[in-house]
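User: I am new to this structure. Please walk me through it in short steps.

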Amino acid sequence: MGMTIDSMNNPFFQQDILSSEQYTKDNLNILVKVSHQMKEVVEKHGSLDLLKGKLITALFYEPSSRTFASFVAAIQRLGGGFIPLQGITYSSVTKGETLEDTVRTFACYSDAVVIRHPEVGSAKKAAAASTVPVINAGDGVGEHPTQSLLDYYTIVERFGKIDGLTISMVGDLLNGRTIHSLIKLVSLYPSVKINLVSPEILKLPEVILDKIKKKVKIFVTDRLDSVIAKSDVVYVTRVQKERFTDLNLYEKLKHYYIVTPQLLKKAKKSTIIMHPLPRVGEISADVDSDPRSVYIKDQMRNGVYTRMALLSLILSRN
Ligand code: NCD
């Protein structure tokens with residue numbers, strides 16, 4: 001079905017995916033192209049057998065619905081098998097096994113390991129111990145490079161480009177790993193404008209800000225209503241409760257922004273509203289039926305297609 005990226009042009013073959021800094025414009029083009037092919041195949045045939053005979057471990061130390069299930073869906077739609085480890089309660093981790101030993105084990109049983117873990121840098125640590133490719137499905141407040149891929153694909157699918165867009169990132173920019181990954185990706189495009197919208201104490205970490213402000217135009221504000229009219233993309237995130245030690249502070253901040261139909265009256269007709277989900281009140285339910293909302297249908301479906309693309313590129317040469 002024309003799914004031929006020859007081996008010379010497949011930069012993902014047998015590679016780890018640890019950070020969105022690994023993506024370049026060129027390899028993003030490949031991912032978008034293959035994701036689109038996956039979408040067409042799934043819509044027409046439901047599945048294909050590119051990963052027949054391959055096994056992938058999904059090793060999840062932190063809660064997950066979408067990321068876990070969309071990886072499993074992607075693997076199965078590609079004809080592969082998987083070893084699901086969700087929650088560490090029943091595994092040897094509770095006996096005190098190190099992350100490295102656990103990963104070494106699953107590298108013996110399978111052809112790739114997808115890992116989610118509460119510690120920043122855990123995926124990198126896992127990759128160093130593993131003999132098979134490791135995919136970071138979220139390392140604490142670090143990164144979430146496969147989420148950024150589906151977010152990127154969703155934006156490109158809608159606008160046909162990233163160049164020239166005004167993208168507002170809203171909410172917990174300090175702890176939101178989906179933000180950390182997506183922001184690095186979109187700042188590959190110098191004519192992008194990024195609005196960083198957060199309360200002062202949930203500002204984007206300086207290390208990330210320093211990197212991106214050399215590349216693109218940045219505007220920092222705590223007022224969503226001041227930037228909504230000019231935004232092409234409004235990317236809303238949940239205040240990350242699990243990263244707070246002071247729950248009173250969390251309670252004060254959790255609904256700092258609430259996207260409502262009222263607020264969206266100020267937005268352009270072409271604007272899209274995104275959210276990695278889960279949401280806990282920061283987008284009101286009556287926004288769901290607004291045609292500008294893409295967090296339910298587009299982002300979630302694209303999560304399967306982009307993960308299919310990534311897995312097939314990592315595990316099959318052509
Ligand atoms: C995100 C995550 O786990 O970082 N969820 C997801 O993967 N779709 C966002 C979040 O939990 O807020």
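User: What distance separates the side chain of Thr154 from the backbone oxygen of Leu150?

Analyst: This is a predicted model, where local features need pLDDT of at least 70, side-chain atom pairs count only at pLDDT 80 or more, and totals for chains, interfaces and linings use all residues. Residues are numbered from 1 along each chain as its sequence is written, and side-chain values use heavy atoms, with hydrogens and water left out. A polar contact is a pair of N or O atoms within 3.5 Å; within protein, one must be able to donate a hydrogen and the other to accept it, and residues adjacent in sequence count only if both atoms are side-chain atoms. For the side chain of Thr154 and the backbone oxygen of Leu150, the distance is 2.7 Å.

User: Which side chain makes a polar contact with the side chain of Thr154?

Analyst: Thr154 belongs to helix H5, residues 145-159. Helices (H or I, at least four residues) and strands (E, at least two) are DSSP runs, numbered from the N terminus. At 3.0 Å, the side-chain partner of Thr154 is Asn302.

User: Is Thr154 buried or exposed?

Analyst: Buried means under 20% relative accessible area, exposed over 50%, partly exposed in between (1.4 Å probe, protein chains only). Thr154 has 2% relative accessibility, so the residue counts as buried.

User: Is Thr245 buried or exposed?

Analyst: Thr245 sits in the loop between strand S8 (233-236) and helix H8 (247-253). Its relative accessibility is 85%, so Thr245 counts as exposed.

User: How many Å apart in space are Val233 and Ser148, C-alpha to C-alpha?

Analyst: Val233 is part of strand S8. It is buried because its relative accessibility is 0%. Val233 and Ser148 are 85 residues apart in sequence, and their C-alpha atoms are separated in space by 14 Å.

User: Which residues are around the ligand?

Analyst: A residue is near a molecule if one of its heavy atoms lies within 4 Å of it. By class, this shell has three nonpolar, five polar and three charged residues. Ala, Val, Leu, Ile, Met, Phe, Trp, Tyr, Cys and Pro count as nonpolar, Asp, Glu, Lys and Arg as charged, and the others, Gly among them, as polar. The residues are Thr67, Arg116, His144, Gln147, Arg177, Thr178, Arg238, Gln240, Pro276, Leu277 and Pro278.

User: What share of the ligand's exposed area does the protein bury?

Analyst: A ligand nitrogen is 2.9 Å from a polar backbone atom of Pro276. Taken alone, the ligand exposes 310 Å² (Shrake-Rupley method, 1.4 Å probe). The share buried by the protein is 94%.

User: What is the omega of the peptide bond from Leu277 to Pro278?

Analyst: Pro278 lies in the loop between strand S9 (272-274) and helix H10 (297-315). Leu277 is found in that loop between S9 and H10 too. The peptide bond joining them is cis, with omega near 5°.

User: What phi does Leu277 have?

Analyst: Leu277 is buried, because its relative accessible area is 14%. Leu277 is not a glycine, yet its phi is positive, at about 65°.
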